[in-house]
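Here is a friendly walk through a model with a few stops along the way. Take a look at the picture first, then read on.

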Amino acid sequence: MSLLSSPAEVRTDAEDTRLQRKLAAVSWKRRFTALAAATAWFAVAGITLAWPDLGDWGRGYEFALGAGGLAILFALASLVPPPFQRFAGKLYDFAPWGIVSGIFFAVWQSLTAKSAILPMPFFPPPHAILEVFTDDWGKLLESVVASLRLLSIGVAIGGFVGFITGVSIGWSRAIGYWVHPIMRFIGPLPSIAWLPIAFFVFPSSWSASIFLIALAVGFPMAVLTWSGVANVNPAYYDVARTLGANSRFLILKVALPAALPQVFVGAFMGLGASFAVLVTAEMMGVKAGLGFYLQWAQGWAAYANMYAALIVMSLMCSGLITALFKLRDHMLAYQKGALKW
Amino acid sequence: MVEAIETHHSEAALREDKGANLNVADVSHAFALHGALLPVLDRVSFTVEPGEFVALLGPSGCGKSTLLRLIAGLDAPLTGTIESQGEKITAPHPSRVVVFQDPTLYPWRTVWKNVALGLEAQGRLKAERSRVDEALRLVGLSGFAKAFPHQLSGGMAQRVALARALVNDPDLLILDEPLGKLDSLTRISMQGEIVRLWQQAGFTTLLVTHDIEEALLMATRVIVFSDRPARIKADRRIERPYPRHRDDPALVALRRDILGLLGLEASW
């Protein structure tokens, strides 16, 4: 605290005024940006309310209310005088996005519900998608839970088997001799290619999907764990051996932590691949989950539901990748700033 | 000169119970390279008394580091035997610790946990945690216990590697050009530090180096090796007290002698 406040004490008057002028310029720029965002979102609300819909969609009023609320927030932020702007700091950060997203929603609203320039059932207006969230959230939630359940079981099995396989072929020449050729032959095959076989070999489409997801995760996980273990600096082993380490110590305390950065690359690739398999499997056979919801919505020409499911799906996938990166940052805290997400 | 010899002997007497002896008998070694055998050591024999500080000096790539790996038990010699305390060396043992040219600290461990590595591997860490703090204090890095290796300078990292070796209370400390990659100022201060630690603890020390001056300043004995395959060319005692000065006439004479042995008598 004393470190932070000491420069203020030695600051000269000239420096002081220059700094003040700079701060004032920044605060005016912020207020102007917030005002522009407010205008864009007032326009969204206005278009929604004043221009009659060509079709029959609910939640137009609620959507306008939300847009108006956001506009009022930005408008208030634009009125805040400089000394109090830190209370609305996040809002100023978001304001440029506020302008762009406001324009996007206004154009979207105009081209769909208001003028039907974009063909009608395929391009629902924003409030139709809002309607799906407010009226069909139970079914969506159910689908998310089903998808997450399938995904987590498959990823856990595939990740575990892939990790163990990678460590074994990286460590033992004998295991590598037998497993490596099989992995090279089968691994690059997209897991989806097994789908027709898996669906009649396994007792249910659900267990078949778990197999496919595990396969998709397991291959990149095994390859990258293996390369991580195989590329450990041999001097690390020499050091541990002269200090009295046995093989158990060499694997668990030397090879694995040294390979961990690579393991996380494998997990990232595997998780990405698992999303593709999950959605495909749910569309092709599993009677639950977001992929199934998507397929079902398309079958009923409920395009608003489809877009809603897509939004939920992207939130879910992005959230999972973010969680993986958080875990990685936590476990690899010693090597700051390697791969960004 | 006479005084110096006496100091040396009384120091050795004090430490007699501590260091390990070493008997290298007729050791030859070779590497397989493109199907052919590349000889690196040629019938090397010497013995080291407990508490001695022996420098193994020779041109780069002559096979000195290979000899150290054999003595550490990391590799086995093709022919000949290496014994310590009357027992044949067949595998690494924590009583013989190596400090390598690179500090090879584990980047995922803090300085403290790097130093604790040996005790942890031997299952002694719980009972002897204070030894880790003690080793860090010995090398002057107590304040860096929680730092990660990437936050250290080269000299600090090498001091951590030294602490990681010392924490095991070795009978034989094997130094494989540990100062080779340090800047010259850090190097000079660490030469003094290693000698001080050796004087305090009394372990037998083997130092591989290609720096004549370093050998003369630190060791009680210098063994000079030929080019590859390494053969012993000379074995000289350095009976001078510490701290030594590089302009000491006895050391200057020895230096000229050794340069001559290495075929560099014209250089100065």
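How many residues does the hairpin that joins E9(B) to E10(B) run through? The hairpin linking these two strands goes through six residues. Keep in mind as you read that this is a predicted model.

## The sheet in chain B

Let's stay with those strands for a moment. E9(B) and E10(B) pair in the antiparallel sense, with five bridges between them. One pairing to look for is B:Phe225, whose bridge partner in E10(B) is B:Ile232.

E9(B) also pairs with strand E3 (residues 53–57) of chain B, and here the two run parallel, joined by four bridges.

Now zoom out to the whole sheet. Six strands of chain B make up an open sheet with mixed pairing, in the order E6-E7-E8-E3-E9-E10. At the edges stand strand E6 (96–99) and strand E10 (232–237) of chain B; each has a single partner strand, so one side of each is left without a neighbour in the sheet. On average, and with direction ignored, neighbouring strands of this sheet are turned by 15° against each other.

## A stop at B:Thr110

B:Thr110 sits in the loop between E6 and helix H3 (111–115) of chain B.

What does B:Thr110 touch, leaving aside its neighbours within four places in sequence? Its contacts are B:Ala145, B:Lys146, B:Ala147 and B:Phe148. Take B:Ala145: it lies 35 residues from B:Thr110 along the chain, but their C-alpha atoms are separated by 6.8 Å.

## Chain A as a whole

Over in chain A, you'll find 13 helices and zero strands. The C-alpha trace of this chain spans about 75 × 70 × 30 Å along its principal axes. Chain A has a radius of gyration of 28 Å, whereas a compact globule of 341 residues would have one near 20 Å.

Buried residues account for 37% of the 341 residues in chain A. As for who touches whom, take the contacts in chain A between residues at least 6 apart in sequence: 75% of them join residues at least 24 apart.

## Helix H2 of chain A

Helix H2 of chain A covers residues 13–50, which makes 38 residues. At 1.5 Å a residue it should span 56 Å, and its end C-alpha atoms are 54 Å apart, so the two values agree.

Several residues of H2(A) are buried, among them A:Arg30, A:Ala37, A:Trp41 and A:Val44. What do the buried residues of H2(A) pack against? Their packing partners in chain A are helix H3 (60–79), helix H4 (89–114) and helix H5 (126–135).

## Where the chains meet

The contact between the two chains takes 14 residues from chain A and 19 residues from chain B. On the side of chain A that touches chain B, helix H10 (234–242) and helix H11 (247–284) are the elements that give two or more residues. H10(A) provides the largest share of that side, seven residues.

What kinds of residues are these? By class, the side of chain A that touches chain B has nine nonpolar, three polar and two charged residues.

Definitions and conventions:
Residues are numbered from 1 along each chain as its sequence is written. Chains are lettered from A and ligands numbered from 1 in the order in which they are written. This is a predicted model: local features need pLDDT of at least 70, side-chain atom pairs count only at pLDDT 80 or more; totals for chains, interfaces and linings use all residues. Two residues are in contact if their C-beta atoms, placed from the backbone, lie within 7 Å. Ala, Val, Leu, Ile, Met, Phe, Trp, Tyr, Cys and Pro count as nonpolar, Asp, Glu, Lys and Arg as charged, and the others, Gly among them, as polar. The expected span of a helix is 1.5 Å times one less than its number of residues. A residue is buried if 20 or more other C-beta atoms lie within 10 Å of its own, exposed if 12 or fewer, and partly exposed in between; C-beta atoms are placed from the backbone. Two strands pair if DSSP finds at least two bridges between them. Axes are lines fitted to C-alpha atoms, for helices over the stretch in contact, and angles run from 0 to 180 degrees between N-to-C directions. The radius of gyration is taken over C-alpha atoms; the globule rule is 2.2 Å times the number of residues to the power 0.38.
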